[in-house]
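Please keep the sequence and the coordinates at hand while reading.

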Amino acid sequence: GDINFNNDDGKKDKKKEKKYFVHEGHPSLKEVFSKVDTSTGFNIEVKYPNENEKIKYDVQGFPKRNEIIDAILEIVFDFVDINPDRQIFFSSFDPDCCALLSLKQPRYPVFFLTNAGIQKSCLPIDPCCNSIESAMSFAKTTNLIGLVVKVEYILKNPQYVELLKSKGLLVLTYGGPNNDIKQISYQEQLGVDGIISDHLISFNQVDKIKEESSSDEESNNNNNTNND
């Protein structure tokens with residue numbers, strides 16, 4: 001039936017309208033599992049508002065972390081019990097969600113997402129959300145597999161890739177520069193383990209360039225050998 005977006009006074013409630021369309025515009029986790037081929041891996045990012053965001057956006061009656069994590073894991077394992085071939089990892093900007101995901105299931109790796117303090121205007125209260133050193137310590141303490149770091153931080157501080165890996169942590173990055181082929185190649189040289197990008201074609205182009213370069217080099221070597 002028709003959805004009523006009006007307030008009691010008859011005026012249109014834009015917030016109500018926006019919330020509805022955001023909800024309707026996204027498939028459920030069950031739908032994604034059932035409709036996407038198992039050859040496609042999933043990065044299941046768990047969203048949870050920090051205290052600053054709850055105040056800023058007037059969030060009330062939000063479910064507890066345990067409830068959300070349990071609901072997600074129930075869906076995940078219902079599907080993987082039927083077909084275990086899909087590659088999956090979990091991630092979250094919320095430290096407590098990461099800790100719970102690590103504690104409640106040992107099967108799939110968990111990454112802690114961090115902007116490393118770059119976005120000063122939206123710093124959460126928890127120190128491990130705004131410091132790469134604190135994030136590193138947190139990941140080790142809670143047995144996470146690694147960090148997903150805002151790429152701008154890594155580009156400015158490339159030494160942290162080696163430091164994180166020396167601690168036994170994997171390093172992934174996210175952010176706008178990851179749509180740039182040159183930035184992708186540079187991060188690969190640094191030893192970054194994975195890149196989250198909006199344009200997967202960029203990865204294909206990088207691989208194609210490498211293959212062509214390798215093929216040209218092999219051809220040149222063969223020619224030199226024949227000339228000798």
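Six strands, in the order S1-S2-S3-S4-S5-S6, form an open sheet whose pairing is parallel; helices (H or I, at least four residues) and strands (E, at least two) are DSSP runs numbered from the N terminus, and two strands pair if DSSP finds at least two bridges between them. The edges of this sheet are strand S1 (42-45) and strand S6 (194-195), each of which pairs on one side only. This is a predicted model, in which local features need pLDDT of at least 70 and side-chain atom pairs count only at pLDDT 80 or more, while totals for chains, interfaces and linings use all residues. Residues are numbered from 1 along each chain as its sequence is written, and side-chain values use heavy atoms, with hydrogens and water left out.

Which residues of H8 are buried? They are Tyr 160, Val 161 and Leu 164, where buried means under 20% relative accessible area, exposed over 50% and partly exposed in between (1.4 Å probe, protein chains only). These residues lie on the same side of H8 because they cover an arc of only 110° around the axis, the arc being that of the directions from the helix axis to the C-beta atoms. What covers them includes H6, S4, helix H7 (151-156), S5 and helix H9 (181-190), whereas the face of H8 turned away from its buried side carries the exposed residues Glu 162 and Ser 166.

H8 is followed by Gly 168, whose phi is positive, near 85°. Gly 168 is found in the loop between helix H8 (159-166) and strand S5 (170-174), and it counts as exposed because its relative accessibility is 57%. Although Gly 168 and Lys 140 are 28 residues apart in sequence, their C-alpha atoms are 8.4 Å apart in space.

The interior can be followed through its nonpolar cores, each a set of buried Ala, Val, Leu, Ile, Met, Phe, Trp, Tyr and Cys residues joined through side-chain atoms within 4.5 Å. Of the 42 residues in the largest core, Ile 44, Val 76, Ile 88, Phe 90, Phe 112 and Leu 147 touch the most other members, and the largest share of this core, 7 residues, comes from helix H4 (residues 65-80). A second, separate core of 6 residues includes Phe 111, Val 148, Leu 172 and Tyr 174.

Asn 115 is found in the loop between S3 and H6 and is buried, with a relative accessible area of 7%. The side chain of Asn 115 reaches the backbone nitrogen of Gly 117 at 2.8 Å.

Ala 116 lies in the loop between S3 and H6 and, at 10% relative accessibility, counts as buried; its phi is near 60°, a positive value in a residue other than glycine. Asn 143, in the loop between H6 and S4, likewise has a positive phi near 60°, but Asn 143 counts as exposed, at 65% relative accessibility.

Notes
Contact means heavy atoms within 4.5 Å. A polar contact is a pair of N or O atoms within 3.5 Å; within protein, one must be able to donate a hydrogen and the other to accept it, and residues adjacent in sequence count only if both atoms are side-chain atoms.
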